[in-house]
Amino acid sequence: MAEQGEPAEQSKTADEPKVSAAELKKRAKADKQARRAAQKEQEKAPAEVPPATNGAHQEHLTQAQGVQQDQKGKATQAKGQQQPKPSKQGGQEVRQERGGPSQPPNIPLRNKAASTAPSKKLPKKDNTVVELLSHLYPVQRRPNLAGVSKDVHPAVLALGLQISTYEICGSSARCVAMLLAFKEAIQAYTTPRDTSLPRHLVSHHLSPQIDYLRSCRPLAESMGNAIRWLKKLIVELDPDKPEHEAKDFVCEEIDRFVHERITVTDQAIAASAQDQIRNDSVVLTYAKSAIVEKTILQAHEQGTRFRVIVVDSRPLFEGKRLATSLMRAGLEAQYVPFSGLAHVVKDATLVLLGAHSMLSNGRLQSRVGTASVALRAHKADVPVIVCCESVKFSGKVALDSIVLNEIAPPEELLLSPIPEKSPNHPAGVATTAVTGKSAAPGKSAAPGKDASEDDEPAKLKTLHDWNSIPNLRLLNPMYDITPAEYIRMVICEYGSVPPSSVPVVHRLANEGM
Amino acid sequence: MPSSVVGQTPSLTTFLKSLKQNDIENSIELFISLLKRRQIKNSRPCAIATTHLLLRVVAEPKRKWDAQKLIARVRHVGRRLIAAQPREMAVGNIVRRVLGVIREVAERDEDPLTDSEISGSASPITGEFQRPALPTRFSEFSPLHGAAAMPHNMHSGRPGTADSMAMEFGGTPQRPALLSTNASYAGQGPPGTSLFSILQHPQGRSPMATPPPGTQSPVTGPSPSRRAIAGEIPEKLDIKAEVIDGIKELQDELDVVDNQIAESALDHIHSNEIILTHTSSQTVQKFLLTDARKRKFTLFHAEAYPNNHEATHATILNGAQGEDDSDERWKPLTSLGITVILIPDTAVFALMSRINKVILAPHAVLANGSLIAAAGASTIALAAKTHHVPVVVLSGVYKLSPVYPFDTDELIEYGDPSKVVPFEEAEFTDKVDIVNPLYDWVDCDLVDLYITNLGGHAPSYLYRIVADHYRMEDIDLNAKQDAVVKKG
């Protein structure tokens, strides 16, 4: 292609010396845009007719090379070529106008694919997206490593998969794990020549890791703050520092960050919060927060006599893990499903909650269901205390739970069946990405409704068939926002503050002012 | 005798079938054991079973009842049934309704002449009824309270058909439609005061029709003198037959209650509303289906884990499948083009800011307007209150109980903890206390509207409906009964 272009070019340049550079640049620009549009189409319709695609590819390569190598004549020469000319022009027109019928044989196929691909996607999209929360789709989870950029370090790859399957769950845990994985990635990094570590590391090495993690699961607020801190740190490094020293420095700083802002902070918060637990208290908590667990265990070690109520919810059943660890520590624990909330709140004397993040308008973003717990406690005059490290404080604001949220895959709501309801039969297997679920033991996916009624001619649908029912959606939000008035106090390493002080602490801790 | 019960899980249908075969004592025992073992649960099946059982008790062949004996018998049976499962309030409600029926019939038979003494004595009746004095022999809570009318005043506020017939009979009040107390809210029937008409069902009257607004207890006191002429012996037959008719009307009411409630669906749900509901209640589904035929809305359906989620999923996916003889088949809402979004119970507060209405179905409604509903309902109601979202409760009058919630804890039933954590996890279930309440108490402040088969009411009005359907002396079934049927 390139060779074909050159001889033609020479003749052309001889013929049209007057074609100005500006015009050539314009043409080059048009070519580039056409190429980009064509590439987008190709990405959308990847399974399209290979010869046509290849042909177009080769054309594009030609054009690309043409522009890159020599601006002056190549583009025009590429245009001037007889063989690919009609197809290319047709292709360009088609791409630009999107729908004009074109004569050459390979283009219409690709065109059809391009135009039908979006319409095929729309009905599928409609079935899973809840319109109210359409800004939170598509759901980010990564079941495998297909299509990952080669720049991602193996430690980060592993971390991504662990996060995606809730092996590592919880805002602090994810933040620490991410920083540790980044340490490894940074150690494995070498600066290319011509550029320096501070300039290159962030944009070319860290960014792919971060993008990959984001594709596994949306980043937590703590992770966001940590990344901002890390980028700032790296960018402010002295470029003259030798590479290994710089890398060691960064790793040490990461260790210090984790130690100061998470490990030691947790201890401080636990010490402060456990003063709230007195003898004969009844502490109520929801789902599993590492720091609340720490507080409770420390208070127990101190010898305080109290009991704990753990409220749990579907589909993650994190509270069960908390209740198990408390039980193993010898605490008197009560475990209630979310429906039993009303019954237990009136027994509680203190509610301890963990946080995903604290927002600048004083609201708490935490596991979905926390808002109901806080509301009930507030109505029953039970104090609600949130334990939250400053690394989770955020500059964002939200008025309701729709604005900032994360939607988990709806498949997580599917259940394994209860044995007595139905015989096992091979319906589709639910892709439950959840560990630690207290589902009925090891049944293959089977209907939730007894399908053994012989008088029913049509097979009864189960929740696993939800995709086939056009108007049915499953919604599985992960977070909700608790209004500030239900929260009495937020305990962070800066002390015990009311929720209205969150933006002040955020400025202090995360923005360094 | 090979009973159809053998080989099937005991339930409402098997009980109803066995009623035809067994004698009364056995049936009572069977029902008590079903209640105790929770093989029959939820208000409607219990109410249906109780009515059938009481029908058999009253209709006991070769037994002549007089009022006191019948009342005593029904009270006795009722006490046993309620003791079997005190938290199934529908059972007690039906027993009290039947007792009310019996008392009505009994009072009608006694001293019919005193009706003529009714004149402008006692307290004035509310203007809308335009009736004069209350007869002193009716208690404040009697359904007949306010119902007695002077013949010449009777026709105000009534449609014309009543007038001519009444005039014909010398201005006597209408036919006592109180064969069952619920019929007191029925539309007017052709008046007739002869013995003959009392034994017949009136033509052209639907006892179940939702009364036109503004009309109330149309019935009057018993028919006067003619009855007394009829004599003693028919009186006993009357009681049995009339009470049986009353109970049959009660059964009819139970059959059509969902349809009556659904009649007001179009008034309450409009296009493009976002509704939130909870659990697999058939009443709610029928209500929404009636509306879905004409309007498009969105429904968020909370799944009520761990006690009701499978039934909820089945209802959303498949509609009703008509397994029980009494159930009909109906399609799921999704097949009518309604977008149904299944959410876990925890997401209720998160989404409440976008919800327009919450629709709940209770397990039982208490006399002050509060309700017992499936667990999770009070969380929903509280979230709705916070966001100022109206809460509508759909309930038939049979769920309305005259009990006041003095101790709300007592009213909550607890369920199987293995639904929360299966018993296979031995260490956990051993050391950790697992609680699984089945019901929640929702305060009357959190409810905005009750829709019953009689129409829509504010929670503050329910005490009046209680008063109209139950007698004060029946509220406590354990109290000693006076020898004479109370008159006031």
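1. Let's start at S281(A), which is buried at 9% relative accessibility (buried means under 20% relative accessible area, exposed over 50%, partly exposed in between, with a 1.4 Å probe and protein chains only). S281(A) sits in strand β1 of chain A, residues 281–286. Helices here (H or I, at least four residues) and strands (E, at least two) are DSSP runs, numbered from the N terminus.

2. Ground rules before going on: this is a predicted model, where local features need pLDDT of at least 70, side-chain atom pairs count only at pLDDT 80 or more, and totals for chains, interfaces and linings use all residues. Residues are numbered from 1 along each chain as its sequence is written, chains are lettered from A and ligands numbered from 1 in the order in which they are written, and side-chain values use heavy atoms, with hydrogens and water left out.

3. What does S281(A) touch, leaving aside its neighbours within four places in sequence? The list is Q276(A), R305(A), F306(A), R307(A) and T349(A), where contact means heavy atoms within 4.5 Å. Take F306(A): 25 residues separate it from S281(A) in sequence, yet the C-alpha atoms are 4.9 Å apart.

4. Not counting residues up to four places away in sequence, T349(A) touches S281(A), V282(A), V382(A) and P383(A). For Q302(A), by contrast, the C-alpha to C-alpha distance from T349(A) is 19 Å, at 47 residues apart in sequence.

5. Now a helix pair in chain A. The axes of α10 (residues 221–235) and α11 (residues 243–274) come within 11 Å and cross at roughly 150°; axes are lines fitted to C-alpha atoms, for helices over the stretch in contact, and angles run from 0 to 180 degrees between N-to-C directions. That makes α10(A) roughly antiparallel to α11(A) (angles under 35 degrees count as roughly parallel, over 145 as roughly antiparallel, 65 to 115 as roughly perpendicular and the rest as oblique). On the α10(A) side the contact is made by A226(A), W229(A), L230(A), L233(A) and I234(A), and on the α11(A) side by F249(A), V250(A), E253(A), I254(A) and F257(A).

6. Chain B has a pair to set beside that one. Helices α1 (residues 12–21) and α3 (residues 43–58) of chain B have axes that come within 10 Å and cross at roughly 10°, which makes α1(B) roughly parallel to α3(B). L12(B), F15(B), L16(B) and L19(B) of α1(B) meet P45(B), I48(B), A49(B), H52(B), L53(B) and R56(B) of α3(B).

7. Y137(A) and P138(A) are joined by a cis peptide bond, omega about 0°, and P138(A) is in the loop between α6 (106–128) and α7 (154–164) of chain A. In chain B, the peptide bond from Y305(B) to P306(B) is cis too, with omega near 0°; P306(B) lies in the loop between β2 (298–302) and α12 (309–318).

8. H388(B), in the loop between α14 (377–386) and β9 (391–394) of chain B, is exposed at 70%.

9. One item from a record: an unreviewed UniProt entry annotates residues 240–267 of chain B as "coiled-coil region". In the model that span is 96% helix and 0% strand, and its end C-alpha atoms lie 41 Å apart.

10. Finally, the bookkeeping. Chain A has 16 helices and eleven strands, with 53% of its 513 residues buried. Chain B has 17 helices and 13 strands, with 59% of its 488 residues buried. Among contacts between residues at least 6 apart in sequence, those joining residues at least 24 apart make up 77% in chain A and 75% in chain B.

How values were computed. UniProt positions renumbered as here; feature names shortened; annotations may be inferred.
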